[in-house]
Amino acid sequence: MSESPQETKGRRQVVKFSFYHVDPAWRGLPEEERERGKRALGDVVRAFSDRVQIRSYSLVGTRGDADLLLWQICDRLDDIHQLAGFINGTPMGPYLTMPYSYVAMTRPSVYVGRNEARAERMVLHPRDSKYLFVYPFVKTREWYRLPLDHRQTMMDEHIRIGRKYPSVKLNTTYSFGLDDQEFVVSFETDEPADFLDLVMELREARTSLYTLRDTPIFSCLAMGLDEALDSLARAGENGSVPAAKVTWQKVADASDIPPGSSRVVYYAGDQVAIFNVSGELHAVSNRCPHANGALGDGVAADGSVTCPSHGSRFDLATGQPLEGPAARPVRTYGLRVEQNGVLLGPSKG
Ligand code: FES
């Protein structure tokens with residue numbers, strides 16, 4: 001390291017990423033018992049809110065071996081330790097394991113913000129983003145043997161790429177000597193696609209040559225703790241699975257689809273493109289029957305839409321092909337507007 005202990009002095013935070021997995025047997029418990037367990041766990045977490053900043057995330061559906069993330073930020077490792085013990089002591093404790101656990105701390109970057117107030121880098125300020133992507137990170141030992149100015153040049157490129165994606169906020173925390181990895185990085189964003197593009201571009205940066213390990217990666221959905229706990233096991237009315245019957249369903253606000261615009265929504269297992277042509281709304285499958293072109297990106301005018309891939313034109317009311325290579329009609333959907341809500345109904349064909 002190139003800094004003296006003096007240069008990293010100041011308030012440092014402890015940061016903990018606790019990934020919990022819930023035993024499937026818990027889902028088989030009577031509902032009252034599950035509710036009791038969730039309530040107790042919620043109470044424990046809330047009781048620590050005067051010492052630990054805790055953000056909760058669900059991984060149900062995004063990861064097979066973890067269900068819940070508690071991202072904890074505080075001043076003392078002891079609080080992290082105590083919180084974990086109390087969680088274990090709740091009625092949910094016997095059903096919880098922690099397959100992934102990362103301890104880290106804040107510190108100023110060696111490569112960024114030499115002119116910035118360093119204290120700002122010592123304190124994390126999570127945003128209210130919808131998604132959090134987390135992974136532990138280890139660099140090769142060769143990296144640390146390179147001269148600092150050589151590393152700085154490579155990091156400048158890395159940082160330049162990061163700045164191209166302002167919708168993604170990076171939090172770097174440090175684990176050297178505290179835990180198995182060297183860093184734990186977490187990215188907050190509302191746009192998972194931006195994060196994907198950023199990571200892909202960073203693979204081409206020279207710093208990537210010196211990455212030893214940057215997995216596992218966790219895709220986490222931000223939600224309040226009660227909601228995150230509810231997401232562990234959901235049921236429809238009377239404990240049943242929600243029926244998959246095709247029925248009228250609100251899919252968008254009409255005000256979000258002004259004249260001349262289009263929007264792709266999900267309905268009845270299909271992607272449906274809704275077009276507003278001079279104030280009139282039409283809904284057809286987003287999939288062109290010729291060769292799967294995205295009709296939602298096509299031009300709609302005079303009651304028809306033209307596929308952007310090879311120019312097939314379809315009647316928006318009937319779905320019939322009017323010109324171009326498509327021989328089959330595109331599926332159309334029932335549509336009505338109620339109190340600004342756009343409702344889609346069963347396919348017309
Ligand atoms: S994919 Fe639409 S015309 Fe070819």
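Gln181 lies in the loop between β6 (169-174) and β7 (183-189); helices (H or I, at least four residues) and strands (E, at least two) are DSSP runs numbered from the N terminus. This is a predicted model, in which local features need pLDDT of at least 70 and side-chain atom pairs count only at pLDDT 80 or more, while totals for chains, interfaces and linings use all residues. Residues are numbered from 1 along each chain as its sequence is written, and side-chain values use heavy atoms, with hydrogens and water left out.

**Gln181**
- Gln181 is buried, because its relative accessible area is 3% (buried means under 20%, exposed over 50%, partly exposed in between, with a 1.4 Å probe and protein chains only).
- Not counting residues up to four places away in sequence, Gln181 touches Tyr102, Val103, Pro136, Phe137, Val138, Ser175, Phe176 and Arg213, a contact being heavy atoms within 4.5 Å.
- With Ser175, Gln181 also forms a side-chain to side-chain polar contact of 3.0 Å.
- A polar contact is a pair of N or O atoms within 3.5 Å; within protein, one must be able to donate a hydrogen and the other to accept it, and residues adjacent in sequence count only if both atoms are side-chain atoms.

**Domains**
- The protein is divided into domain 1 (7-230) and domain 2 (249-347), with bounds that come from an automatic or database domain assignment.
- The C-alpha centres of domain 1 and domain 2 are 41 Å apart.

**Second largest pocket**
- The second largest pocket has a volume of about 190 Å³, where a volume is the space filled by probe spheres set on the grid points, which are joined across faces, edges and corners.
- A pocket is defined on a 1 Å grid over the protein atoms alone, for a 1.4 Å probe, as an open set of points with protein on both sides within 12 Å along at least five of seven lines; lining residues have an atom within 4 Å of a point.
- The lining of the second largest pocket has 13 residues, and Ser285, Arg287, Pro289, Arg328 and Arg331 lie nearest the pocket centre.
- By class, the lining holds five nonpolar, four polar and four charged residues (Ala, Val, Leu, Ile, Met, Phe, Trp, Tyr, Cys and Pro count as nonpolar, Asp, Glu, Lys and Arg as charged, and the others, Gly among them, as polar).

**Thr318**
- Thr318 sits in the loop between β16 (313-315) and β17 (321-323).
- A relative accessible area of 45% makes Thr318 partly exposed.
- The Thr318 side chain reaches the backbone nitrogen of Gln320 at 3.2 Å.
- Leaving aside residues up to four places away in sequence, Thr318 touches Val330 and Thr332.
- Thr318 and Val330 are 12 residues apart in sequence, and their C-alpha atoms are 8.3 Å apart.

**Backbone geometry in loops**
- The peptide bond from Thr215 to Pro216 is cis, with omega near 0 degrees, and Pro216 is in the loop between β8 (211-213) and β9 (218-222).
- Asn292, in the loop between β13 (280-285) and β14 (299-301), is a residue other than glycine with a positive phi, near 65 degrees.
- Asp302 is not a glycine either, and has a positive phi of about 50 degrees.
- Asp302 is in the loop between β14 and β15 (304-306) and counts as exposed, because its relative accessibility is 79%.

**Ala25**
- Ala25 is in helix α1 (residues 24-27) and is partly exposed at 43% relative accessibility.
- Ala25 and Phe86 are 61 residues apart along the chain, with their C-alpha atoms separated by 21 Å.
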